[in-house]
2 protein chains.
Amino acid sequence: MPSDLDTAMMIRALDLARHAASEREVPVGAIVYRTATGEVLGTGSNRRENDRQPHAHAEFTAIVRACEAIGDWRLNDCTLVVTLEPCPMCAGLIVNARVGRVVFGASDPKAGAVTSLMQLLSDPRLNHRPTEFVQGLMAEESAMLLKEFFRGLRTSG
Amino acid sequence: MPSDLDTAMMIRALDLARHAASEREVPVGAIVYRTATGEVLGTGSNRRENDRQPHAHAEFTAIVRACEAIGDWRLNDCTLVVTLEPCPMCAGLIVNARVGRVVFGASDPKAGAVTSLMQLLSDPRLNHRPTEFVQGLMAEESAMLLKEFFRGLRTSG
């Protein structure tokens, strides 16, 4: 179940997604926070086109920054909140970084690796699984941002 | 089938893996080169413990550096050579970066996402698949480095 902190963080993640759109990036935003205290350790918005990097996804950046902030590659006591379902690369990073909880908004039927195309966060063969993942938190708001962005791309040719 | 270039690059990647071991990192090395010319665009060795970052895998670093070198997130005309089968995170990055060819050495029965645990590079639902992947090139040399490393860890307690 999402907590009040999750909801507050998702509202901020949606702002980060809007920021991405303002930079002509697919609007996705993400935050990593300490589950117990709500301390924000890392934030990210999608930067693939501007950074010209295939890994510059919102949740990837948020996780890398959180690891920098605490000086450790393990995030067991943290929650990742992201507006869109993670892709295989980001789900793999969540496993590698041992992220404790994951909350996402809209599902991604084309590349989602948590529930849609595959279930990387609940695969018992991998050496870590989050204790919990929550899907669909403010999913309509996230999906609406994505829809508006892609409609804008089509009309601007 | 591996080309002579693949073999030459794997010999260099094994050197990068030995360098990782000398820094007390799990010995894995990787190179990205232009398939047609053999120009090396990026190299990497495993740096997870020293960098304190969950994404500091050899092939991840090699791909990120190759994208920096060419100023593009697409590596369609490149080959990745890596001494160990990529994990889900790195296989996801290979898909996202549209890497043209992938050559790896030893298989990873615990986390390999190319042939062992899952087959991310041949999944028709994802939006990219390498035109070719080659497994097992100099696999014994790679496996021996890993075995020696973990034996050393156990005996050093």
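1. In this predicted model, B:Gln53 lies in the loop that connects α2 (48–51) with α3 (58–70) of chain B. The residue has a relative accessibility of 7% and therefore counts as buried, the cut-off being under 20%.

2. The surroundings of B:Gln53 come from both chains. Leaving aside residues up to four places away in sequence, B:Gln53 touches A:Val64, A:Cys67, A:Glu68 and A:Trp73, together with B:Arg48.

3. The interface as a whole may be considered next. Chain B places 30 residues in contact with 30 residues of chain A. The two chains bury about 2,400 Å² between them, and 65% of that area is on carbon and sulfur atoms. Of the area that chain B buries against chain A, 24% is supplied by B:Pro54, B:Trp73 and B:Arg125, more than by any other three residues.

4. As to polar interactions, 6 residue pairs are found in polar contact across the interface of chain B and chain A, counting pairs with both residues at pLDDT 80 or more.

5. On the side of chain B that touches chain A, the elements giving two or more residues are α2, α3 and α4 (88–96) of chain B. By class, this side has 15 nonpolar residues, 9 charged residues and 6 polar residues.

Technical notes: Residues numbered from 1 in each chain as written. Chains lettered and ligands numbered in written order. Predicted model: local features only at pLDDT ≥ 70, side-chain atom pairs only at ≥ 80, totals over all residues. Heavy atoms only, no water. Helix = DSSP H or I, 4+ residues; strand = E, 2+ residues; numbered from the N terminus. Buried < 20%, exposed > 50% of the residue type's maximum accessible area, 1.4 Å probe, protein only. Contact = heavy atoms within 4.5 Å. Buried area = accessible area lost by both parts, 1.4 Å probe. Polar contact = N/O pair within 3.5 Å; in protein donor to acceptor, adjacent residues only side chain to side chain. Nonpolar A, V, L, I, M, F, W, Y, C, P; charged D, E, K, R; others polar.
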